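The following exercises concern the geometry of a single protein chain. Work through each task before reading the solution.

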Amino acid sequence: MRKIPVYTHPAAGWPALIASTRKLMDYSAFLRGSLSVLSSNQPKGGFDCPGCAWPDHKSHKTFDVCETGIKVIASEAMSTRADAQFFAKHTVKELQAWSGYELEHIGRLSEPLYYDAAQDHYIPISWQDAYARIATQLQKLDSPDEALFYTSGRVTNEPAFMFQLFVRCFGTNNLPDCSNMCHEPTSVMLGKQLGIGKATVILEDFEQAKLILMFGQNPATNHPRMLEMLAHAHKQGCRIISINPMREQGLSAFRNPQKPSHMVAGKSDDIVDDVIQIQIGGDAALLTGMAKWLTKNNKINTDFIEQHTSGFEALDTWLRQQSWADVERGCGISKDEIINLARLVADSPATICTWGMGITQHVQGDDNVAMITNLLLLMGMIGIDGAGASPVRGHSNVQGDRTMGIHERPKQSLLDSLERVFKRPMPQEDGLDVVAGAKAMIDGKIKAFVSMGGNYAVAAPDSSTIQQALTNNQLNVFVATKLNETMLYPGVDNLILPCVGRTERLITAKGEQFATIEDSMCQIVATQGRLDPISDTLKSEAQIVADIATQLFGAESSIPWQAMSENFDIIRDYIAQAIEGFEDFNQRIRTADRGFHLYHPARHRQWDTESGKAQFEVPKYPITYVASQMTERTAKFAAESKQKSDINSDVKTAQSNSESNSQNDTQASEQAVWQLTSVRSHDQFNTMIFGFQDRYRQTDRRDVLFMHPDEMNRLGWQKGDTVMVSRQDSKDQQRTLGPLILTEMDIAANAVATYYPECNDLIDLDTHAPDSRIPAYKSLTVVLQRVSTNTGLADSA
């Protein structure tokens, strides 16, 4: 076995502090950024980190931010401006060739901009002229449904509530958001099975858990503050198992910057007890095997099942029908290993299942979440201390935006409530999500695109096609703090509206305002920036929404848009009337240091489902789905290889050469097909590329393809080879990515990985889960072709 080079130091610690300091300096944000870091996640006047949605602990810490959070803060707090002078130097065509990393580092947007097609430049425009152009184009639409209104998870609750209200007053539910691309299976399936699509745990449950199963997560890179709670749980005797195709080195040990004994004496805390390296897309199969053994051996909580659940008989019948051979084939783990894991579940009095996008971003993502929930229900692990479902959201307020009504498929109760409070009809037809909206734009059915933050085209599948579709729109509007790739494909009217960031003070005619967010565990907390805005011309997101609404609907609108934007207490009073769980919002958010938890019925074993009970769900896809996809594609590849071989043999006369070629084709077809997953580096957050250093994977470039060294040896390949990646999409069209540099990683057999978002053009808009419609970023069946630099020949494998 070939040794895999691994990162041998604990996660975090001095390397994290050094990297964070360097990033503050890289962004010319050392002073502004350092002041912001000290205010991050602080109660009473601090701001919530605009990074991940991991909750704040009830205990107060002077320093409560991670390396990733510091990088996000540095990005926003930078003192360099992307102003009129910058845009005068660079055409849009030139900027289209810049990388995401280069665009990320040009500076903060500081004034409203309009695209001048004659010059191919963004040029300054007054706020009023910008609003007039927006209103004119929106009024020209034949239907409100010809407009798409996208929201990023960094938008706080108050402007999010105003934005969804504005869009619905305009007449459409076309409100896609970044949740469509990250945790939509969580929202859909937990909503269906438990009655609410959110975590059933609070942070304190991690202190009481006896077993934590982590599915498809890499906290050290994506939400490092979780490591502290995992280390604490482990020290308390909790067993922690990581279930992931990749052995992420950042989970091996944790050096806590808060502990002098760690930083001075070089100590660290252990994190995980074991790593179960399943095949990519094998989660549902693994969970099926565990549930099969638990039910057959009567290791389940029958009292809970009888009293609180519905659908057990159907699930039990389905489990009995699944063979162990299919379970093993589906997940790549032996029956004995699966039973050992099931025994841990059976013996645990308090189990938490926590997961990230490694569970959700699959064609069978809905099934993955359903089977995790099924496992918890079988054991009665919902509604007791130290146990439950813990999806970890990837962006600070993506959950809060959904709670505020940013949803293309709103519940009827929300629409009824909005009609009651605002005395006007709301659109009743479901709107378009990210996938459907992009397809409609490509087909010319969308003529206006308005984005409240985010990098829509790059975050979505088929990025290049969406970028081109944007150029056909009559209107594109971007409310943002930084320039990104999506803004560089202008339509007829293309406007960039710069807004105040999370780290900055928000002062209106009514005084300084604060906003709120909702974290991954239903905690509502206040957020209030401390820095002066980078430019006097910036406006808050709430003010921008109010100004557009006033321009479009008139100053005599029955909704007090301007008053809301000037006084966030007014917004919160409306939220208290319209959104369940926010009664006495203004009083409650002011009387607690760390805000308040929203009531979660399932946590109290109250089930807001169709049956009135928690619902077991039978998966829709076969548990061998991924393995079957690989087998089918392998057969197709072998047939194609044979056809090429037959053609070649017609021009060859030597029997020995013919036999040799046939043998080579057979060997190639045996390992033609791989399962590709996407990953984020340690130097990025979502589509924001901070740098090229992926410390835990020990690479300093992004054009790489990760593969286990044993697989390289078997193929006769080696580190540094260049490889092309291709796949047949849902319309049988070939998509390619590369060349990529082959790099070593401890990853499961038959699996390879590369970086998101660079791989997004491999994914078509029709490759998604059926109900949640989430794109399959984490599981693509691909063919690899090594490009030989020594002979100029191509080897398929």
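Of the 797 residues in the chain, 63% count as buried, where buried means under 20% relative accessible area, exposed over 50%, and partly exposed in between (1.4 Å probe, protein chains only). The model is predicted, so local features need pLDDT of at least 70 and side-chain atom pairs count only at pLDDT 80 or more, while totals for chains, interfaces and linings use all residues. Residues are numbered from 1 along each chain as its sequence is written, and side-chain values use heavy atoms, with hydrogens and water left out.

**Exercise 1. Classify the ring pairs F86–F87 and F449–Y456.**

Step 1. A pair of aromatic rings is described by the distance of the centres and the angle of the planes. Rings of Phe, Tyr and Trp (its six-membered ring) pair if their centres lie within 6.5 Å; planes under 30 degrees apart count as stacked, over 60 as edge-to-face and the rest as tilted. The count by this rule is 25 aromatic pairs.

Step 2. For F86 and F87, the centres are 5.2 Å apart and the planes make 85°, which gives an edge-to-face pair. Both F86 and F87 are buried.

Step 3. For F449 and Y456, 4.9 Å between centres and 50° between planes give a tilted pair. F449 counts as buried because its relative accessibility is 0%; Y456 counts as buried because its value is 1%.

Step 4. Ring pairs can also be chained: F149, F163, F166, F170, F553 and W561 are linked by them into a cluster.

**Exercise 2. Describe how helices α8 and α27 pack.**

Step 1. Helices (H or I, at least four residues) and strands (E, at least two) are DSSP runs, numbered from the N terminus. The chain has 31 helices and 32 strands.

Step 2. Axes are lines fitted to C-alpha atoms, for helices over the stretch in contact, and angles run from 0 to 180 degrees between N-to-C directions. The axes of α8 (residues 157-170) and α27 (residues 568-578) are 10 Å apart, at an angle of about 65°.

Step 3. Angles of 65 to 115 degrees count as roughly perpendicular, under 35 as roughly parallel, over 145 as roughly antiparallel and the rest as oblique. The two helices, α8 and α27, are therefore roughly perpendicular to each other.

Step 4. Contact means heavy atoms within 4.5 Å. On α8 the contact is made by N157, E158, P159, F161 and M162, and on α27 by F568, I571, R572, Y574, I575 and A578.

**Exercise 3. Over which rings do R572 and R702 lie?**

Step 1. A charge sits over a ring if NZ of Lys or CZ of Arg is within 6 Å of the ring centre and within 35 degrees of the ring normal.

Step 2. R572 lies over the face of F514, 4.0 Å from the ring centre. The charged end of R702 sits over the ring of Y755, at 4.7 Å from its centre.

**Exercise 4. Locate the backbone features at P739, P757, C522 and Q698.**

Step 1. Most residues other than glycine have a negative phi, and most peptide bonds are trans.

Step 2. G738 and P739 are joined by a cis peptide bond with omega of about 5°; P739 is in strand β29 (residues 734-744). Another cis bond joins Y756 and P757, with omega of about 10°, and P757 is in the loop between β30 (751-755) and β31 (780-787).

Step 3. C522, not a glycine, has a positive phi of about 70°. C522 is in the loop between β20 (515-518) and β21 (523-527) and counts as buried because its relative accessibility is 4%.

Step 4. Q698 has a positive phi of about 55°. Q698 lies in the loop between β26 (688-689) and β27 (704-707) and is partly exposed, with a relative accessible area of 42%.
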